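Open the model in your viewer and keep the selection tool ready. This tour moves from one selection to the next.

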Amino acid sequence: MFKKIVNGCVRVVNRWLPDPFLFAVILTIVVFIAAMFATNLGPIAMINAWGATTGFWSLLSFSMQMALVLVLGSAMASAAPCKKALRAIAGLAHNNMQAIVITTFVSVICCWLNWGFGLIAGALLAKEIAKRVPTVDYPLLIASAYSGFVIWHAGLSGSIPLALNGGYVVSDVTYTATTLDTIFHPMNLIMCGVILIAMPFVNYAMHPAQDKAITVNPALLVDEEEKTYEVKTPADKMEHSKILWVITLLFGFIYIVNYFVGVVKGGQNVAAALNLNIVNMIFMFLGILLHGNLRKYVDAIGEAASGAAGILLQFPFYAGIIGMMTVKGEAGASLAMVISNFFVAISTPVSFPVWTFLSAGIVNFFVPSGGGQWGVQGPIVMPAAAALGVEPGRAAMAIAWGDQWTNMIQPFWALPALGVAKLSAKDVMGYLVIVLVFTGVVACLGFLAWGLIF
């Protein structure tokens, strides 16, 4: 029965799942029509709202921040010291169970720290482990490496909680919650802890019998030769200069230390002071440090930058969707307000985050980006949460968890890891359906407890 379900999911995904950009286009058309009915505005007025600076181009800064999260994390994971550390961790695995459990455990931690870093580090670790445990089911091993991504939006690089920390404006109302109310809230940490401890064993429980395991082709595990550099010209010497490397590091780390010193002197909590800019700066200069010189880091960024293409193309369309959802008609109503009022009508302060989580999981199929999803759902959820008396942090984390949840069966973000592993989405999707069910149960129970206990 399990195999039939798995194979059915794979067939549906392979047949019907188009490129994520097409989802953005389809959602644009749907919102365009729905917003005209909600506001009584004509098509020209709606197109103007879509293409205005408050629409299509309103997420330029945020788009750059999100692209940097992916690129900087990926570049750091490719540094020689990181690869060496992953090889050392891989040496701890000696059988199938250890291979799956270690891969999942490390992937969850890395994705919680930085999702771009975790995506690449998890796949690299899985390949190293496959060299040492050739009997392990390779598709399940790679699925385990990707499964850690189900925790990213509850972690340090979560775009929604970090954006909310800086204040989020909807129709002239500003919603704010520090990371103590989101990422570091006790209930969020408990849910993350349950997944960190239990999911490795859930993944191992899916391992097929040895005679049915799909082992790796050794040719897939051959490492690419590390790039070598010739230092001949004055330009080469400047690019590999340790002096320039050290000066650059000093600029970055002095600012970072001074930033947190200022936070402490101001009486603030260090954890509450995290935002996308300071998180990206930390990972940038850690990457420069680990690569050892500026030339190597420039090349690593160049290799990682292609992974951000989807963000650069899709985010203007998400911003255009926001413009259409928030524009008001003559009666003062917007599509976001209409949907918000519907959620208020069917929810209680306890059930609202659960409904938000489930709806965010559905929306993620159409908007497979945490930042884009925040842009689409934020204008709906935050006013509704305020009307019900639900604190902004809990409401925002419900969107964040829903976004990361269905990434398990939406292969957009799996592509970098699958590229490293040299597999396709259909090879891992069946296993990730079980991860989806498990984490969905954890999240629903967690948000119910969040509303009842805290």
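Start with the largest nonpolar core, which has 140 residues. Select W115, I129, L141, F352, W374, W401 and F447: these touch the most other members. A nonpolar core here is a set of buried Ala, Val, Leu, Ile, Met, Phe, Trp, Tyr and Cys residues joined through side-chain atoms within 4.5 Å. Helices are DSSP runs (H or I, at least four residues), numbered from the N terminus.

This is a predicted model: local features need pLDDT of at least 70, side-chain atom pairs count only at pLDDT 80 or more, and totals for chains, interfaces and linings use all residues. Residues are numbered from 1 along each chain as its sequence is written, and side-chain values use heavy atoms, with hydrogens and water left out.

Now zoom in on W374. What does W374 touch, not counting residues up to four places away in sequence? Select I160, A163, L164, Y168, P379, M382, A396 and I399. Contact means heavy atoms within 4.5 Å.

Next, select helix 4 (residues 60–77) and helix 13 (residues 276–291). Their axes come within 9 Å and cross at roughly 30°. Axes are lines fitted to C-alpha atoms, for helices over the stretch in contact; angles run from 0 to 180 degrees between N-to-C directions. Helix 4 and helix 13 are therefore roughly parallel (angles under 35 degrees; over 145 is roughly antiparallel, 65 to 115 roughly perpendicular, the rest oblique). On the helix 4 side, show F62, Q65, M66, L68, V69, L72, A75 and M76. They meet L276, N277, N280, F283, M284, L286, G287, L290 and H291 in helix 13. By class, this contact has 12 nonpolar, five polar and no charged residues.

Select V71, L72, S74 and A75 of helix 4 with Y297, A300, I301, A304 and A305 of helix 14 to see the contact. Eight of these residues are nonpolar, one is polar and none is charged.

Last stop: I243, in helix 12 (residues 242–265). Is I243 buried or exposed? I243 counts as exposed because its relative accessibility is 61% (exposed is over 50%, buried under 20%, partly exposed in between; 1.4 Å probe, protein chains only). Then pick N293: I243 and N293 are 50 residues apart in sequence and 9.5 Å apart in space, C-alpha to C-alpha.

How values were computed: Helices (H or I, at least four residues) and strands (E, at least two) are DSSP runs, numbered from the N terminus. Ala, Val, Leu, Ile, Met, Phe, Trp, Tyr, Cys and Pro count as nonpolar, Asp, Glu, Lys and Arg as charged, and the others, Gly among them, as polar.
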